[in-house]
Amino acid sequence: MSDNVNHPKHYENGPFECIELSRLLSSDWGQAVQYCFRWQHKNGVEDLKKALWFINDAITHNVPFFAACCKRNADILEAQAIRLLGILQAENWADLEQFWRNLKWGDRVDVLEALTEKINEIEKDGE
């Protein structure tokens, strides 16, 4: 039986459960990752547009990428996030390879551009 509260399928069907990555990130970036992770299995392009909103907000307000945590563990958490983003990139998870790559390498503005291009591509194909 499906458990939409504790383990929703749209967050579990990837190479790992989405929470493993999003818990390492600040709120805005974690939300963006969640929407991109699930977009093909839940609300389609609407989820990508929600992710875009969170990315714009993070950039506008200079929100750090990683969650605030104790400094002595910061390098370990960053390495974990980079490893997980590398997995998503390698698998082209959710058909968003460039998005995951840009996140992995810290190119925040390029992340915005990659997602905008993907949304435009989907909407053009849908017409």
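**Entry 1, ground rules.** I am working from a predicted model, in which local features need pLDDT of at least 70 and side-chain atom pairs count only at pLDDT 80 or more, whereas totals for chains, interfaces and linings use all residues. Residues are numbered from 1 along each chain as its sequence is written, and side-chain values use heavy atoms, with hydrogens and water left out.

I looked up Arg-108 and found it in helix H7, residues 108–126, where helices are DSSP runs of H or I with at least four residues, numbered from the N terminus. Arg-108 counts as partly exposed because its relative accessibility is 22%, given that buried means under 20% relative accessible area, exposed over 50% and partly exposed in between (1.4 Å probe, protein chains only). Leaving aside residues up to four places away in sequence, I listed its contacts as Trp-29, Ile-59, Phe-65, Asn-102 and Leu-103, a contact being heavy atoms within 4.5 Å. The side chain of Arg-108 reaches the backbone oxygen of Leu-103 at 3.3 Å.

I then checked the rings around the charged end of Arg-108, which sits over the ring of Phe-65 at 3.8 Å from its centre and over the ring of Trp-29 at 5.5 Å from its centre; the criterion is NZ of Lys or CZ of Arg within 6 Å of the ring centre and within 35 degrees of the ring normal. Trp-29 and Arg-108 are 79 residues apart along the chain, and their C-alpha atoms are separated by 9.9 Å.

The structure holds seven aromatic pairs, for which the rings of Phe, Tyr and Trp (its six-membered ring) must have centres within 6.5 Å, with planes under 30 degrees apart counted as stacked, over 60 as edge-to-face and the rest as tilted. One of them is the tilted pair of Phe-37 and Trp-93, at 5.5 Å centre to centre and 45° between the planes. This pair links distant parts of the chain, since Phe-37 lies in helix H3 (residues 27–38) and Trp-93 in the loop between H5 and H6, 56 residues apart. Phe-37 is buried with a relative accessible area of 1%, and Trp-93 also counts as buried, at 14%. Phe-65 and Phe-66 form an edge-to-face pair, 4.9 Å centre to centre with 80° between the planes; Phe-65 is buried at 6%, whereas Phe-66 is partly exposed at 24%. I also noted that Phe-16, Phe-37 and Trp-93 form one aromatic cluster.

I counted six salt bridges in the structure, each a side-chain nitrogen of Lys or Arg within 4 Å of a carboxyl oxygen of Asp or Glu. Among them, Glu-123 pairs with Lys-49, the closest N and O atoms being 2.5 Å apart, and this pair joins helix H7 to helix H4 across 74 residues. Arg-101 and Glu-97 form another, with the closest N and O atoms 2.8 Å apart, and both lie in helix H6, four residues apart, about one turn of the helix. Salt bridges that share partners join Asp-95, Lys-118 and Glu-121 into one network.

Most residues other than glycine have a negative phi. Phi of Asp-95 is near 60°, and this residue lies in the loop between H5 and helix H6. Asn-62 has a phi near 50° and is exposed, with a relative accessible area of 68%.

How values were computed:
Helix = DSSP H or I, 4+ residues; strand = E, 2+ residues; numbered from the N terminus. Polar contact = N/O pair within 3.5 Å; in protein donor to acceptor, adjacent residues only side chain to side chain.
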